[in-house]
Structures are given as C-alpha cells and as structure tokens.
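This briefing covers a sheet, a metal site and a helix. The sequence and the structure are shown first, and the notes follow by topic.

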Amino acid sequence: MSDTDKELRVSKIRDGTVIDHVTAGQALNVLAILGIDGSGGESVSVGMNVPSDKLGLKDVVKVEGRELSQSEVDVLSLIAPEATINIIREFDVIEKNRVERTDSVTGILVCPNHNCITNADEPVRTEFAVLDDGVRCSYCGTMVREGDVAEHIDTRGSG
Ligand code: CTP
Ligand code: ZN
C-alpha cells in the first residue's frame, strides 16, 4: 500500500466540489450553510478531524454534482477561513480557490432579532456586515459574535 492509499480516508469524487482545509469541527456547519441535510439526495462525504500538514487537524466536505454560490462561499469564510474550494470534473481538480473574507454576507444567516424586517414575512434577504469580532445585521444592527455565527445559519434551506 502506498502512502497516498494509507492517507486517503474519503474517496475521490468524479464531479462536484471538495471543500478542503475546513477548520476541524466545522464540517456539519458547512453542510448547514450548503443547506444539505440528506433529504436532497446529494452524495456527500464528510471527513472530520483528519490529519493535515497545514492545520494539524481539518475537516473535509465533498459534494457530488454541486457547485457553491458566492453567498455560500462568503458565509463559509466566516467559519472556515482557511478553506479551499476545489471544483472537480472527471476526477480532476480543474479549479482551486481559497475562501476570502468579505465585507458583507447575504442570505444563509438569520438575524437573531425577531422584530427585524428580515424575520417578517417580507421578501427581504438577510445582509450582515462582517466586522473583526462578528457580523452585524445591516437592517437592525443586531450583532452576532464570531463564535455564535454557526448557530445562526438558516436551516430552512433558503440559501
Ligand atoms: N479530491 C477529490 N476527488 C478528486 C480530486 C481531488 O476528492 N477527484 C480531493 C482531494 O482528496 C483533496 C482535494 O480534493 O482533499 C484537493 O485535491 P488536490 O489538489 O489533488 O490535493 P492537494 O494538492 O493536497 O491540495 P492542497 O494543495 O489544496 O492541499
Ligand atoms: Zn436584523
């Protein structure tokens, strides 16, 4: 068995997206950001606490037949700032991008303020400004601290 074979914990995928170098412990939050709970029928592989040269331990999420939207990548950057997004076609990595921290994130996160316009039955997408210590709702100013961001991912899958 070669070293590569020994190290491969999650099989390669044919077409889709590999989110690699995810902060250890964040894989399930990555799935929440992507709105994946298994009910959509996607083939998904998750590696948790996998040894990594760069990070010590990392998580990896592989999704077949799916690419990520910019808003998904933006929210990912909050919980997994070291992540790389690999686009796979016919088993080859055809594109590799680091996530970048952005000034604001739209959609995907929900505002904790129940009186916020984004929680009324209005067609308003959430928008948060990204600050050093968390994110702030652009509509009502409510802060979500960095460590609490994962708890405010919209799990209703609206994206
Ligand atoms: N990968 C995959 N299926 C493929 C090709 C790659 O699941 N058909 C995964 C690899 O297992 C790895 C990631 O996609 O987790 C990136 O692949 P690659 O660029 O080949 O690996 P590295 O060179 O180790 O990436 P990096 O330099 O970003 O660490
Ligand atoms: Zn708000």
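Over how many bridges do strand E2 (residues 44–52) and E3 pair, and in which sense? The two strands pair over 7 bridges, in the antiparallel sense. The model is a predicted one.

**Sheet**

- E2 and E3 form a hairpin, with 3 residues between them.
- Within this pairing, Ser 45 has Lys 62 in E3 as its bridge partner.
- E3 (residues 56–64) is also joined to strand E1 (residues 16–23), by 6 bridges, and these two strands run antiparallel.
- Ile 19 has its bridge partner in E3, namely Val 61.
- The strands belong to an open sheet of 5 strands with antiparallel pairing, in the order E2-E3-E1-E4-E5.
- At the edges are E2 and strand E5 (92–98), each of which pairs on one side only.
- From one strand to the next, the twist averages 20 degrees.
- As background, strands of a sheet pair through backbone hydrogen bonds, either parallel or antiparallel.

**Zinc site**

- The zinc ion (ligand 2) has four cysteines as its protein donors, each through SG: Cys 111, Cys 116, Cys 137 and Cys 140.
- These donors lie 2.3 to 2.4 Å from the zinc ion.
- The arrangement is tetrahedral because the 4 donor atoms around the zinc ion subtend angles of 98 to 115 degrees, and the criterion asks that all angles lie between 85 and 135 degrees.
- Along the sequence, the donor residues follow the spacing C-x4-C-x20-C-x2-C.
- Cys 116 lies in the loop between strand E6 (104–106) and strand E7 (127–131), while Cys 137 is in strand E8 (residues 134–137), so this pair ties together parts that are 21 residues apart in sequence.
- Both Cys 116 and Cys 137 are buried.

**Helix H3**

- Helix H3 (residues 70–79) is mostly covered, with 9 of its 10 residues buried.
- The buried residues of H3 are Ser 71, Glu 72, Val 73, Asp 74, Val 75, Leu 76, Ser 77, Leu 78 and Ile 79.
- What covers them? The cover over the buried residues of H3 includes strands E1, E4 (84–89), E6, E7 and E8, together with helix H2 (27–33).
- Of these covering elements, E1 is also a member of the open sheet, where the order places E1 between E3 and E4.

Key. Residues numbered from 1 in each chain as written. Chains lettered and ligands numbered in written order. Predicted model: local features only at pLDDT ≥ 70, side-chain atom pairs only at ≥ 80, totals over all residues. Heavy atoms only, no water. Pairing = 2+ DSSP bridges. Helix = DSSP H or I, 4+ residues; strand = E, 2+ residues; numbered from the N terminus. Axes fitted to C-alpha atoms, helices over the stretch in contact; angles between N-to-C directions. Donors = N, O, S within 2.8 Å, 3.2 Å for Na, K, Ca; no water. Tetrahedral: all angles 85-135°; square planar, octahedral: opposite > 155°, others 65-115°. Buried < 20%, exposed > 50% of the residue type's maximum accessible area, 1.4 Å probe, protein only. Contact = heavy atoms within 4.5 Å.
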